[in-house]
Amino acid sequence: ESTQLPGGRVLGFETANRNKRGITLDLKQEKGLQVLYRMVEQADVFITNFSGTLAKRLKVDFETLSRYNPRLVYARAHGYGSLGPWGDRRAFDPIAQALSGAMWSAGDRDFKEPIQLMPGLFDQLGATMLAYGVMAAIISRDRQGVGQEIETSLLGSAIHQQAINVNAALIQGRPRARHSRKRARQPLSNMYQCGDGKWLMLAEPQSDRFWGQLCQVMNLSEIEKDPRFETALKRRESYAELIEILNHAFAARTRDEWLDTFNQAGCEFAYAPIMDLAETLGSDQVIENQYVAEMDHPDLGKARTVGFPVRFSRTPARIPRAAPQFGQHTEEVLQDLGYSWDDIAEMRGEGVV
């Protein structure tokens, strides 16, 4: 599927680079390096995904840049971690999914193949972890007066994201099994298909507290005190029979009918529709919390785009500019650095910018 957008823009670049300015710079020329060094002198953070070898060859490694700004936070985004046998390998999101164990943890237990998760999941998570590391390093810098080099990786971020399952493997000796809808020992934490083919999710860990409420609202009062199901332990032992009963019960109404029934009854157990992404992005909960935002885009017009997962009471996040076009802000940035129009014209003539 094409990621090309109007105006020759590319979806991935637009997603990652809004609110930024873009310049072009030839780091193989000494003048290009001097421009970068001037930027570094004024910067808080330098972020790169260059390998250590390439960064050193281009003279943009941590040791070099920290001489121009000892307070600089130098952040490296790596594929698998710079140490170890995978340190120099090419890195992409699906490889991190494979290497981290995530592909074997996803999916239903009865499906015997690995499951590839949504594209870019660990790309995005790796960037988020890098931002987390940058902020921690800035706090350290402000307290101790000097910057440092930090590194995150796709692999490390993917393992961190699976912390509970990873600790199950490390501490308890085995990871948790893939989910099985047919063998869920806690049927109040399972997914059920409704009469219109859509799905509904129950995820209630306090099953004894809400068992009676679920039975009443689903017209299953005859099984509430059934010796097979009356306690969480009994339901765990008789899970197969209970799942079959709930399968038939949920199939009697559409998903929206069940949601209306639960809402009107004021049910407090945890439940939600299993939505496709279009439903999610149109839901009131997402829109009212601004998890989807609107922006004025020079090529796309009034565009809906991914919003912000964090709310700030005093400094709300916003999207004042779209991702830059190639070299769009070169002259603006160079002027901010103190270069004259003659300097800029000379550098353009020499191919530095």
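A charge counts as sitting over a ring if NZ of Lys or CZ of Arg is within 6 Å of the ring centre and within 35 degrees of the ring normal. Keep that in mind as you look at the structure above, which is a predicted model.

Ring pairs tie it into a cluster together with Tyr-192, Phe-250, Phe-262, Phe-269 and Tyr-271. So what does it take to describe one such pair? You give the distance of the centres and the angle of the planes. The structure has ten aromatic pairs. One of them joins Tyr-80 and Trp-86, with 5.1 Å from centre to centre and 75° between the planes. That makes the pair edge-to-face, because planes over 60 degrees apart get that label.

Are the two partners buried or exposed, or something in between? Tyr-80 has a relative accessibility of 7%, so it counts as buried. Trp-86, on the other hand, is partly exposed, at 27% relative accessible area. Trp-86 also has a charge over its ring: the charged end of Arg-89 sits there, 3.8 Å from the ring centre.

Let's move to the sheet. Three strands make it up, and you can read them off in the order β3-β4-β5. The sheet is open and its pairing is parallel. Which strands stand at the edges? They are β3 (45-48) and β5 (149-153), and each has a single partner strand, so one side of each is left without a neighbour in the sheet. Going from one strand to the next, the twist averages 20°. If you zoom in on β3 and β4 (residues 73-78), you'll find four bridges between them, in the parallel sense. As an example of a bridge, Thr-48 has Arg-76 in β4 as its partner.

Last stop: the cysteines. A disulfide is a covalent bond between the sulfur atoms of two cysteines. How many disulfides are there here? The count comes to zero. Take Cys-215, whose nearest cysteine sulfur belongs to Cys-267 and is 11 Å away. The cut-off for a disulfide is 2.5 Å between the sulfur atoms, so Cys-215 is in no disulfide. Looking from the other end, Cys-267 is in no disulfide either, and its nearest cysteine sulfur is that of Cys-215.

Technical notes: Residues are numbered from 1 along each chain as its sequence is written. This is a predicted model: local features need pLDDT of at least 70, side-chain atom pairs count only at pLDDT 80 or more; totals for chains, interfaces and linings use all residues. Side-chain values use heavy atoms; hydrogens and water are left out. Two strands pair if DSSP finds at least two bridges between them. Helices (H or I, at least four residues) and strands (E, at least two) are DSSP runs, numbered from the N terminus. Axes are lines fitted to C-alpha atoms, for helices over the stretch in contact, and angles run from 0 to 180 degrees between N-to-C directions. Rings of Phe, Tyr and Trp (its six-membered ring) pair if their centres lie within 6.5 Å; planes under 30 degrees apart count as stacked, over 60 as edge-to-face and the rest as tilted. Buried means under 20% relative accessible area, exposed over 50%, partly exposed in between (1.4 Å probe, protein chains only).
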